[in-house]
Amino acid sequence: MPIRALRMTLHPGQEAEYRRRHDAIWPALVTALREAGVEEYRIFLDPESRHLFAIMTLADDHRVDDLPSLPVMQRWWHAMADIMDTEPDASPQSVALDEVFTLLSEE
């Protein structure tokens, strides 16, 4: 079961708005994530740095790398672009995080 983790950054003062928008996440986006093999997706906020730490647990046969080409993903990026650091295509600026070690595992 692969795991991907990344770091993104919110603009100052946008923490509550980010939560509000994710509380109303589009069902079509949730469906796209599940169909791509995302089994669990958690996002954590460091309020001091405004960094978001996203952790995705993926199916072994996931197709997460196909998500950026989906119109629903591109629409979501544009809908979020005003509250976080983004790339020119409106995708979130992100840094992939390397796994250092696994302390506990259910496997």
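**Fold, charges and selected residues**

Guide: The protein chain has 3 helices and 4 strands, where helices (H or I, at least four residues) and strands (E, at least two) are DSSP runs numbered from the N terminus. This is a predicted model, in which local features need pLDDT of at least 70 and side-chain atom pairs count only at pLDDT 80 or more, while totals for chains, interfaces and linings use all residues. Residues are numbered from 1 along each chain as its sequence is written, and side-chain values use heavy atoms, with hydrogens and water left out.

Visitor: In what order do the elements of the protein chain run from the N terminus on?

Guide: The elements comprise 3 helices and 4 strands. Read from the N terminus, their order is β-α-α-β-β-α-β.

Visitor: What radius of gyration does the protein chain have, against that of a compact globule with 107 residues?

Guide: The radius of gyration is taken over C-alpha atoms, and the globule rule is 2.2 Å times the number of residues to the power 0.38. The C-alpha atoms fill a box of roughly 40 × 30 × 25 Å along the principal axes. For 107 residues a compact globule would have a radius near 13 Å, and the value for the protein chain agrees with this, at 14 Å.

Visitor: What percentage of the 107 residues count as buried?

Guide: Buried means under 20% relative accessible area, exposed means over 50%, and partly exposed lies in between (1.4 Å probe, protein chains only). By that criterion, the buried share of the 107 residues is 27%.

Visitor: Among contacts between residues at least 6 apart in sequence, what percentage join residues at least 24 apart?

Guide: A contact means heavy atoms within 4.5 Å. Among contacts in the protein chain between residues at least 6 apart in sequence, the share that joins residues at least 24 apart is 68%.

Visitor: How far apart do the centres of the positive and negative side chains lie?

Guide: Lys and Arg count as positive and Asp and Glu as negative, with His and the chain ends not counted. The place of a charge is taken as NZ of Lys, CZ of Arg, CG of Asp or CD of Glu. There are 10 positive and 20 negative side chains, and the distance between the centres of the two sets is 6 Å.

Visitor: How many salt bridges does the count come to?

Guide: A salt bridge is a side-chain nitrogen of Lys or Arg within 4 Å of a carboxyl oxygen of Asp or Glu. Under this rule the total is 5.

Visitor: With which residue does Arg-4 form a salt bridge?

Guide: The closest N and O atoms of the pair are 2.8 Å apart, and the partner of Arg-4 is Asp-65. The pair links distant parts of the chain, 61 residues apart: Arg-4 is in strand β1 (residues 3-9), and Asp-65 is in the loop between β3 (51-58) and α3 (71-80). Arg-4 is partly exposed at 32% relative accessible area.

Visitor: Which residues do salt bridges that share partners join into one network?

Guide: Glu-17 forms a salt bridge with Arg-20, with closest N and O atoms 2.6 Å apart; the two are 3 residues apart in helix α1 (residues 15-23), so about one helical turn separates them. Asp-82 forms a salt bridge with Arg-21, at 2.8 Å between the closest N and O atoms. Asp-82 lies in the loop between α3 and β4 (95-96) and Arg-21 in helix α1, so this pair ties together parts 61 residues apart in sequence. Through shared partners, salt bridges join into one network Glu-17, Arg-20, Arg-21 and Asp-82.

Visitor: Which residues does Ile-25 touch, not counting residues up to four places away in sequence?

Guide: Ile-25 is in the loop between α1 and α2 (27-35), and is partly exposed, with a relative accessible area of 28%. Ile-25 and Trp-76 are 51 residues apart in sequence, yet 9.0 Å apart in space from C-alpha to C-alpha. Leaving out residues up to four places away in sequence, Ile-25 touches Val-30 and Trp-76.

Visitor: Is Ala-90 buried or exposed?

Guide: Ala-90 is located in the loop between α3 and β4. Its phi is near 80°, a positive value in a residue other than glycine. With a relative accessible area of 7%, Ala-90 is buried.
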